[in-house]
Amino acid sequence: MAICFETCLLIDDNYIDNFVTRKILEGSNFAGNIIVVRSATEAINSLKDGIVKPDVIFLDVRMPLMSGFEFLEEYDKIDIDKSEIKIFMLSSSLDPVDLKKSADNKYITQFIHKPLTQKALEELCP
């Protein structure tokens, strides 16, 4: 599989989930560059400061300090070109409220249940 995206930003507070997701991403050539951050606040600051310019983001829902949905509220406020960035909610949450909120959010491309799989990645490639 050819590289689908140039830069992938993974936002998840769980070390083990990040390790597993990163291995799956690396093994699939999904993105040329994989950046992992363990807090939504750090991700917002990196995006705002132009340190990270992803074309795809995997975003966890439930994180301390700032949830995935709170991240999206802050993301909406920052002045960057969002037209080419795809955001996938990547979560173990089965809460119907989370599913509805992600479906209703203009920035969320798709909600994906953890763990991320090779098959799911293949379906996400443009």
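**View 1. Helix 2 and the glycine that comes after.** Gly-50 follows helix 2 and has a positive phi, near 75°. The model shown here and in the other views is a predicted one. Within helix 2 (residues 40–48), the buried residues are Ala-40, Ala-43, Ile-44, Ser-46 and Leu-47. Looking down the helix axis, these buried residues fall within an arc of 165°, so they line one face of helix 2. Their cover includes strand 1 (5–11), strand 2 (31–37), strand 3 and helix 3 (68–77).

View 2. Phe-58 sits in strand 3 (residues 56–59). Is Phe-58 buried or exposed? Phe-58 counts as buried because its relative accessibility is 0%. Beyond residues up to four places away in sequence, its contacts include Leu-25, Phe-30, Phe-88, Ile-112 and Leu-124. Ile-11 is another residue that Phe-58 touches; the two are 47 residues apart in sequence, yet their C-alpha atoms are 6.1 Å apart.

View 3. Take a walk across the 5 strands and you meet them in the order 2-1-3-4-5, with parallel pairing. Strand 2 and strand 5 (108–113) are the edge strands, each pairing on one side only. On average, neighbouring strands are turned by 20° against each other, direction ignored.

**View 4. Strands 4 and 5 with their helices.** Strand 4 (residues 86–91) runs parallel to strand 5, and 5 bridges join them. Here Ser-91 stands opposite His-113 of strand 5. Helix 4 (residues 96–104) packs on the sheet, where it touches strand 4 and strand 5, and its direction makes about 155° with that of strand 5. Helix 3 lies across strands 1, 3, 4 and 5, and runs at about 165° to strand 4.

Terms used
Residues numbered from 1 in each chain as written. Predicted model: local features only at pLDDT ≥ 70, side-chain atom pairs only at ≥ 80, totals over all residues. Heavy atoms only, no water. Helix = DSSP H or I, 4+ residues; strand = E, 2+ residues; numbered from the N terminus. Buried < 20%, exposed > 50% of the residue type's maximum accessible area, 1.4 Å probe, protein only. Contact = heavy atoms within 4.5 Å. Arc of directions from axis to C-beta. Pairing = 2+ DSSP bridges. Axes fitted to C-alpha atoms, helices over the stretch in contact; angles between N-to-C directions.
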